[in-house]
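Here's a quick briefing to read alongside the model. Take a look first, then work through the notes.

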Amino acid sequence: MTSSKFTRRGLLKTGAAAGAGLAMPTIFTGAAWGFTNEPTGSTVTLGFNVPQTGPYAEEGMDELRAQQLAVEHLNGIGDGGMLNTFSSKVLDGTGILGKKVEFVTGDTQTKSDAARASAKSMIEKDKVVMINGGSSSGVAIAVQGLCQEAGIIFMAGLTHSNDTTGKDRKANGFRHFFNAYMSGAALAPVLKNAYGTDRRAYHLTADYTWGWTQEESLKASTEAIGWETVKTVRTPVGAGDFSSYIAPVLNSGADVLILNHYGGDMINSLTQAVQFGLRDKVVNGKNFEIVVPLYSELMAAGAGENIKGVFGSMNWNWQLPDAGTKAFVKSFGEKYGRPPSNSAQTCYVQTLLYADAVTRAGSFNPCAVAEALEGFEFDGLGNGPTLYRADDHQCFKDVLVMKGTENPTNQYDTLEIVEVTPRAQVEYAPNHPMFGGDDASLGSCNAGA
Amino acid sequence: MDAIFLQILNGLDKGSAYALIALGLTLIFGTLGVVNFAHGALFMLGAFCAVTLQKLFSLSYTVIDETQKDFLGNPLKVEVSYLEGWFGKDLGGALADWSVPLSILIAIPIMVVIGFIMERGLIRHFYKRPHADQILVTFGLAIVLQEIVKYFFGANPIQTPAPQAFRGALDFGVLVGFEPGAVIYPFWRLVYFLFAAVLIGAVFAFLRFTTFGMVVRAGMADRETVGLLGINIDKRFTIMFGIAAAVAGLAGVMYTPILSPHYHMGMDFLVISFVVVVVGGMGSLPGAVAAGFLLGILQSFASMNEVKAVIPGIDQVIIYLVAIVILLVRPRGLMGKAGVMEE
Amino acid sequence: MLGLNKRDTRFLIIVILLTLFTPFLLQPFPEGSAMAQFNGGYPDLMAKIAIFGIFAMGFNILFGLTGYLSFGHAAFLGVGSYAAVWMFKLLTLNVFPALILAVLVAGLFSAIIGYISLRRSGIYFSILTLAMAEMSYRLAYSVLTPITNGETGLQVRDTDPRILDGAGAAQYPNLFGLELSTSWDWRVLGHVFTFNVGFYFCAVIAIVMFYVSLRIARSPFGLVLKAIKSNQTRVNYTGMNSRPYTLAAFVISGMYAGLAGGLLAVMDPLAGAERMVWTASGEVVIMTILGGAGTLLGPVLGAGAIKYLENIFSKINEQVLHDWFSFLPDWLADPVVWLASRFTGEGWALTLGLMFMAVVIFLPGGLVEGGQKIAGWFRRKPPADGGDDPEHHPKPAPHVPHMANTGD
């Protein structure tokens, strides 16, 4: 099929260009211009890498909806959403730096390999300058590493493990979502008020890195308010039937069960714990309680009424009263007929933040963008005043403590906000031991040249 | 002691699920000689029969309630289910509450028909083909089925609760002489165990005591001779495929309150059910049941903290470890016959 | 040439040409055209096809030639990746030590697993390999995290010792200083062809491995393997001990898998546990059957077809479809887009499943048979005796027998 292109004439005509192209070795194609995939035409392409198959497909779909909405708003279509409430006013609905925003999508399958393959194809084939999305920490860390090597910006989606901006932090990677440490720090005072200081906690933990960092964080913060940790038990991922892990809780003397599970594991372990009558139990003269440190709307919907009254934490929720949230929920709701999830909000905000940083930097060069994002303080994107900390590229903002709604009024009313934990309370030092200590380093920014 | 007793109960429960899925799988192996990688998908389809009935029973029309607001601040649309509208609040509510057990009634015909269609339309043409081809075609079918389910029901697990009467737990320990509160066990899991026992019994009785079952057993032993006797064994094998599909489907229906169904659940059970079948011995029905319970109970014991403290990670691998040991010590599995599926 | 007869030499030369011209073959559409979405000529996909081609070629030595259906070969791939990344971390980012260790470790691992599993045959062998691979996966994901870095995957870090690399050495996997991610773009007549060092490195290795498997298939050793496949009992009755042969086939295919795993790490220095999960083992089985088990080229074609579908179809989202069908009137465009989007983007798995079914139903010999049929039409010959290479003829796999005669 291609042999026809090698006519003598064709070769002569393009000889000069080809010669120049061949002479120039490039890494991820682009050295001639200074950084990877520099947009030269009238458009710029962003890569949205979300799970479309596998257990988190539903969450991935919601992220994709939000990302499409963000692109529309950047291109001046629709009502502009949070662009109207964003404290930085450089985005005017004409794309980014006057270039129309286009996007490509890919399927991470919630597997590091597939996610990296999809990201590579976006970088090599579609020439994206930024990748956004994802619904698990393993994938986020893997793709973040790839973007660092390739020399483009990674704006993480839902990733809650301390490691993403802890020991695996990267100069080209940025996380808006909160993390396990923040969940612990936000939940502890609420748990203290609700359940007292004399409690004995039993952890069931998904047996992989995210589960471990959350267990570590929650253990530290609950022990700090005087709770005793009876036992921490690791459960296989995707175990389905958790009965043999839940049964021993009954007679362990514990009076709180902390479920460090996410997605389908959380739905099953919570449902089964309730079936075993844990929540009707009275231990040590106190009512037995269950805590799910990380919530999402989809998990809440999947767990049904078992979630009523159970405490957890979230990055953001559509019920927040601020103007940014209202604007976003309105444009998302009108387009898709449902409120956005907190992973959707993160992906939407990350896309806007990237566009804003490019505009302020005046360049798509990842190093310039990173510099514009580092130490950036902003407001009006739904989470209150927020700081993108320069030391580890983690956003610092208020954290929501949630509770399963006792009397839901509609199908989306599954969680209610118990407390908005102020940012000061969830802050930590960049060299905190849970975040890789003094060894953790961003490295230097890579523009790919 | 009570902890061990509790884990035996857990194991019996997990074992009943394994046994039911493996039973259908080994029926298909034994009668048709087909390696059916779509069997997990049949389990999943059964579970979604329950989801469908629950959705049907909660189908509703909307009434606009001006006094309440929805998430965008518009007047709230209140849903009223048709069922409650037709049968009144009591009967309608009770029907919705009992949707999982009631789905058995729709799951049996649906699964049998799906089984017939699969056998007649696809599997039949693969009897003479190598097992590798059977694996590929049924694996492809499993992917197609689960993608269809994903389109209609989404990828998120769907909560399908047991009837109100079976929620909560029974203080089982008191009945067998433990202290109150020592052995608490959810009602629905006991129901599941009993249901599995009845279903397994029914399948065995059917094969043992009916003429149909006798012919099928004869066909399993020597298909050619039975054919020479002028018996249409093919037709009976089609029916057996339908029965196997129904058994897998019923296992799925009743499992929904324990495990919220999602489109991918079939694949999660596929490997385990193959291991169970092989450990039990290819084509052996009692073997599949025995292996199901054995692996279920061992898995429960391996999950105990005391065991995990000695051998970390044992709960992750126990099933496979047992399978390896059994296959090396007893080459044909627990109750398999020599020469089946090897060479 | 090279110990091959004329026909095989010609076959090898065709394969070499096909491989070397992959950047053109997979990039048939001009940049910016509507069909550019279907271009697959970017380095990562081309390298993946070469790597999984190696994996499937090796698997074919065990399954296609010997008739043993292993359901645990992904474990060797994963072990190879881990070994390679550890070499990167400890010694040097030069690829050769990494690849050598990957092959050796995978060979050793497969020798152990093969020694145990080959005590049984048929489906019992399949389940034994499946069980061992699944154990490896689960342990790598959880308790072996200090070695494997669990779910996150083993990565190369700046803080690694890397004792052979001095200061100023390349920061990414390289061939004595030449980084594998280096690419040249060639723009011709609106086309962009990308020539990538890493791809050509994989491609050359793939050609060498293809040659090796061709030689194995034609050797007396290969003959014994085929004899074992057609009737192992009879081979044993001739007084020949078949076990060393099957074990050798198992270890060779394990080393192929280890090499493929090492190359995956070379192209992208990260090794994750999910490379070892049972569906990954199933994938290589499917690649081999899809392409044509027992044929030499089939597994490579199968690997290419699956990787292409996975990477290209999953990226066609509704917006792309809307652009494609924008020439249609609105009332027609929407249903067409709706229908097309069921098979692309989030629905790519549906296309994959349908393709499996279609190939097995209509082309029992896999894609190779499809190619032969087409070639047969052109030559006006019945497809049954068309084709140059005798190996191209799919053979039944009688080793895995039919009907189980059994009772309860």
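A:Gln109 sits in the loop between β3 (100-107) and α3 (112-124) of chain A; helices (H or I, at least four residues) and strands (E, at least two) are DSSP runs, numbered from the N terminus. This is a predicted model, where local features need pLDDT of at least 70, side-chain atom pairs count only at pLDDT 80 or more, and totals for chains, interfaces and linings use all residues. Residues are numbered from 1 along each chain as its sequence is written, while chains are lettered from A and ligands numbered from 1 in the order in which they are written.

**Loop residues with positive phi**

- Most residues other than glycine have a negative phi.
- A:Gln109 isn't a glycine, yet its phi is positive, near 55 degrees.
- A:Gln109 counts as buried because it has 24 C-beta neighbours inside 10 Å (buried means 20 or more other C-beta atoms within 10 Å of its own, exposed 12 or fewer, partly exposed in between, with C-beta atoms placed from the backbone).
- A:Asn284, also not a glycine, has a positive phi of about 50 degrees, and lies in the loop between β10 (282-283) and β11 (286-287) of chain A.
- A:Asn284 counts as exposed, since it has 11 C-beta neighbours inside 10 Å.

**Two domains in chain A**

- Chain A splits into domain 1 (43-178 + 318-396) and domain 2 (181-313); the bounds come from an automatic or database domain assignment.
- The C-alpha centres of domain 1 and domain 2 of chain A are 30 Å apart.
- Where they touch, domain 1 of chain A puts in 14 residues and domain 2 of chain A 13 residues (contact means C-beta atoms, placed from the backbone, within 7 Å).
- On the domain 1 side of chain A, α2 (57-74), α4 (137-150) and α11 (342-361) are the elements giving two or more residues.
- That domain 1 side has 3 nonpolar, 8 polar and 3 charged residues (Ala, Val, Leu, Ile, Met, Phe, Trp, Tyr, Cys and Pro count as nonpolar, Asp, Glu, Lys and Arg as charged, and the others, Gly among them, as polar).

**What chain C touches**

- With chain A, the contact takes 44 residues from chain C and 44 residues from chain A.
- β4(C) gives the most to the chain C side of that contact, with 7 residues.
- By class, the side of chain C that touches chain A has 15 nonpolar, 16 polar and 13 charged residues.
- With chain B, 49 residues of chain C are in contact with 48 residues of chain B.
- α6(C) brings the largest share of the side of chain C that touches chain B, 12 residues.
- The side of chain C that touches chain B comes to 30 nonpolar, 13 polar and 6 charged residues.

**Nonpolar core**

- The largest nonpolar core has 375 residues, and B:Val275 and C:Phe55 have the most contacts inside it (a core is a set of buried Ala, Val, Leu, Ile, Met, Phe, Trp, Tyr and Cys residues joined through C-beta atoms within 7 Å).
- Helix α3 (residues 43-66) of chain C gives the most to this core, 16 residues.
- Leaving aside neighbours within four places in sequence, B:Val275 is in contact with B:Ile319, B:Tyr320, B:Ala323, C:Ile127 and C:Ala131.

**Start of chain C**

- C:Asn5 is in the segment before α1 (6-20) of chain C, and is exposed, with 10 other C-beta atoms within 10 Å.
- C:Asn5 and C:Arg218 are 213 residues apart along the chain, with their C-alpha atoms separated by 9.9 Å.

Terms used: Contact = placed C-beta atoms within 7 Å.
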